[in-house]
Amino acid sequence: MEELESKKSTTRFVVELLEIILIAFALSWVLRTYVVEARKIPTGSMLPTIQLQDRVIVDKFFFKEFGHLNRGDIVVFKPPASAHATEDFIKRIIGLPGDKIEIRNHTTYVNGQPLDEPYILEKSKNDFGPVVVPQDSVFVMGDNRNNSDDSRVWGFLPIKNITGRTLFRYWPLNHFGALAR
């Protein structure tokens with residue numbers, strides 16, 4: 001009798017453990033796919049704001065459902081076909097729909113006004129534009145302006161390609177916190 005109870009108890013424990021694992025896996029998948037995601041930074045295109053191998057948390061839900069994109073936001077996106085890339089990119093939004101973007105004399109201008117960019121590694125070496133951002137797109141650039149494959153190279157980023165907006169850096173711990181805007 002005790003042996004039968006012990007087998008039932010063990011079976012119940014295994015079933016409950018499997019249920020917990022399946023529920024945890026399902027919740028993790030839903031959260032990562034639709035709500036938030038941790039990302040490791042593979043390139044130096046966002047130096048000095050984001051260092052190689054930093055880890056950031058990306059909001060994939062709230063900015064799409066309740067917010068809107070702002071100039072200065074750092075976003076993760078599927079690159080357009082003209083970028084000839086398969087991995088997601090991370091860049092800063094410089095121009096919103098309808099904005100006129102131009103780089104001249106090492107200064108970025110938005111709608112004719114110089115953009116205050118304390119976050120960049122160094123000023124752009126090359127002039128660019130002027131161009132006007134289409135209604136369904138944004139203009140993005142890396143903070144490492146002279147070493148970034150961005151809208152200056154492959155054109156405007158369709159808003160529909162944006163998968164999330166960075167919330168904060170969580171690793172390394174000594175740099176934990178919000179990213180410069």
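A residue is called buried here when its relative accessible area is under 20%, exposed when it is over 50%, and partly exposed in between, using a 1.4 Å probe and protein chains only. The model is predicted, so local features need pLDDT of at least 70 and side-chain atom pairs count only at pLDDT 80 or more, while totals for chains, interfaces and linings use all residues. Residues are numbered from 1 along each chain as its sequence is written, and side-chain values use heavy atoms, with hydrogens and water left out.

Ser45 sits in the loop between strand S1 (36-40) and strand S2 (55-59); strands (E, at least two residues) and helices (H or I, at least four) are DSSP runs numbered from the N terminus. With a relative accessible area of 7%, Ser45 is buried. Beyond its neighbours within four places in sequence, Ser45 is in contact (heavy atoms within 4.5 Å) with residues including Ile90, Lys91, Asn144 and Ser148. Its side chain also makes a polar contact with the side chain of Thr43 at 3.5 Å. A polar contact is a pair of N or O atoms within 3.5 Å; within protein, one must be able to donate a hydrogen and the other to accept it, and residues adjacent in sequence count only if both atoms are side-chain atoms.

Lys91, in strand S4, is likewise buried, at 4% relative accessible area. The side chains of Lys91 and Ser45 make a polar contact at 2.9 Å. Among the residues that Lys91 touches are Asp73, Phe77, Ser148 and Asp150. The charged end of Lys91 also sits over the ring of Phe89, 5.4 Å from its centre; this term asks that NZ of Lys or CZ of Arg be within 6 Å of the ring centre and within 35 degrees of the ring normal.

Found in the loop between strand S9 (137-141) and H3, Asn144 is buried at 5% relative accessibility. Its side chain reaches the backbone oxygen of Gly44 at 3.0 Å.

Turning to the rings, the structure holds six aromatic pairs, defined by ring centres within 6.5 Å for Phe, Tyr and Trp (its six-membered ring), with planes under 30 degrees apart counted as stacked, over 60 as edge-to-face and the rest as tilted. Phe89 and Trp154 have ring centres 6.3 Å apart and planes at 50°, so this pair is tilted. Phe89 lies in strand S4 (residues 89-95) and Trp154 in helix H3 (residues 151-154), so the pair ties together parts that are 65 residues apart in sequence.
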